[in-house]
Amino acid sequence: MTTLDLGIAALRTAAGRAYELYDRANLLIKGILPKGLYQRALLIIIAPMLVLQSVVAYVFLERHYNLVTQRLSAGVVQDIATLIDVYKTYPQDADSAQLRRIAQDKLGLVVDFLPVNDLPPPGPKPFFSLVDQALSEEIRKRIVRPFWIDTVGRSALVEIRIKLDNAVIRVFAPRSAAYASNSHIFLGWMFGTSLVLIIVAVLFLRNQIRPILRLADAAESFGKGREVPNFRPRGAREVRRAALAFIEMKSRIERAIEQRTAMLAGVSHDLRTILTRFKLELALLGDSPEIEAMKKDVDEMARMLEAYLAFARGDSGEQSAPTDMAAFLDELKTDAERHGHKSSVAFHGHPIVTVRPNAFKRCLDNLVSNAARHAPSIAIAGHRDHRWLTVTVDDDGPGIPPQMREEVFKPFLRLDTARNQDEVGTGLGLAIARDIARSHGGDISLSDSPLGGLRATVRVPV
Ligand SMILES: Nc1ncnc2c1ncn2[C@@H]1O[C@H](COP(=O)(O)OP(=O)(O)OP(=O)(O)O)[C@@H](O)[C@H]1O
Ligand SMILES: [Mg+2]
């Protein structure tokens, strides 16, 4: 192995690891992010707004606010420095009355002089105070004397004491003179406006998302074979286009089904006419074993045709309706018992399910009659949860070998022919049942039953 090979191998493992990491991060983000379109759209609007505001607020506080406070504090300290200077230069001012007056009138500072004494011990410092920091800094820089300040005590005033040679000057300055105090108004406006904007965005977004949800609902209903009576394209242009495309697709599918059904029905009908003629001709031919056999075949063909005609006609046009499944299954059981079969029935969950009742009954009837034909006892069980209705029909008959379980759904396919000749069936039962289940958006599957025979499971979305 050359060094080049080694290098390439190392690169490859590194790339693999990076890719794995990327994958995991992707999964994590996908897990955290909301799934719904509405929530996602909101996130897309709100997240940048929040980031923008945080950045603006931070920069503003950090720069502007600091600078203003510093400038204002410097102004106050300059005033005090001037007063101290005047105090020292004009000692003839008795009691410093003039000085106090000027300070009060022109500078807005309340000044008095205390006998020289030690300054009080430094008070508790506020946890985070720009005024305190800025003032201290300025006094230290411009006056260079021992001082004591209190920015906590009285909220509207800041107290400053500075030790002079023969006295202590005490100044009360309005806090607002040293402090950019209106920044909370800025923040208030900022958050207030963004709140209003977010509320407006939420309202507008909801209106934009609603047509998409309606389209999804309509598509889902159509998948379950239900009508969506007053679905109309609404909303933004793209959503409207999707809705129109959906409506068109739906009617194309319906037209195709209709056409196929009509054609098959027509063919079967024509064949029936010929078969009837055939029967008449056979009747005229008299009796011989060959003719008897032929008659039997023609009869069977006629029966198949009838069944097929029924199949092709289908249950088109039937409307979905809320149906009591528990009662439905009970009826099936009673029917089966009437024909001398041991049967049981059980149902779990909320029993009202929206299906096309006649079609669904035909579907289950076919399964139960199959079980009845092959087995002495039958167990019917229904289960309904928030998404699916599941009905199982179990029997203790011979069952169907696994490799045939898909085959038997084919129309006209019967395994019985070898088993018991005299039983009549056309082999359409399972095909029809599956057709019905699929038109409800579900399906039928066959498996082994705990009773020892076949289990047929119908699952349709609710
Ligand atoms: N419960 C069952 N146990 C064993 N075999 C079954 C069972 N159900 C169906 N089969 C087999 O599957 C074949 C197809 O069933 P299907 O219901 O489609 O037709 P059929 O019952 O023969 O006729 P039809 O239902 O039209 O009267 C049957 O002929 C039978 O051999
Ligand atoms: Mg059958």
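Here is a short chat about a predicted model and the ligand it holds.

Trainee: Which residues come nearest to ligand 1?

Mentor: There are 20 residues around ligand 1, and N370, D395, T426, G427 and L430 come nearest.

Trainee: And what does D395 do there, in terms of atoms?

Mentor: One of the polar side-chain atoms of D395 sits 2.7 Å from a nitrogen atom of ligand 1.

Trainee: Okay, and what about the backbone, say at L428 and G429?

Mentor: L428 has a backbone N or O atom 3.2 Å from an oxygen atom of ligand 1. For G429, a backbone N or O atom lies 3.1 Å from an oxygen atom of the ligand.

Trainee: How much of ligand 1 does the protein bury?

Mentor: On its own, ligand 1 exposes 590 Å², and the protein buries 94% of that. The space it takes is the second largest pocket.

Trainee: Which elements give two or more residues to the shell?

Mentor: Those are helix 9 (357-374), helix 10 (416-419) and helix 11 (429-439). Helix 9 gives the most, with 4 residues.

Trainee: Switching topic: what pLDDT does the chain average?

Mentor: The average is 86, and 95% of the residues score at least 70.

Trainee: Which element has the lowest mean pLDDT, and which the highest?

Mentor: Helix 10 has the lowest, at 57, while strand 10 (residues 443-448) has the highest, at 95. Remember that helix 10 is one of the elements in the ligand shell. Where pLDDT is low, the predicted coordinates should not be read in detail.

Notes. Residues numbered from 1 in each chain as written. Chains lettered and ligands numbered in written order. Predicted model: local features only at pLDDT ≥ 70, side-chain atom pairs only at ≥ 80, totals over all residues. Heavy atoms only, no water. Near = heavy atom within 4 Å. Polar contact = N/O pair within 3.5 Å; in protein donor to acceptor, adjacent residues only side chain to side chain. Areas by Shrake-Rupley, 256 points an atom, 1.4 Å probe, with all protein chains shown as cover. 1 Å grid on protein atoms, 1.4 Å probe; cavity = no way out; pocket = protein on both sides within 12 Å on 5 of 7 lines; lining within 4 Å. Sits in = over half its atoms within 2 Å of the grid points. pLDDT = per-residue confidence, 0-100.
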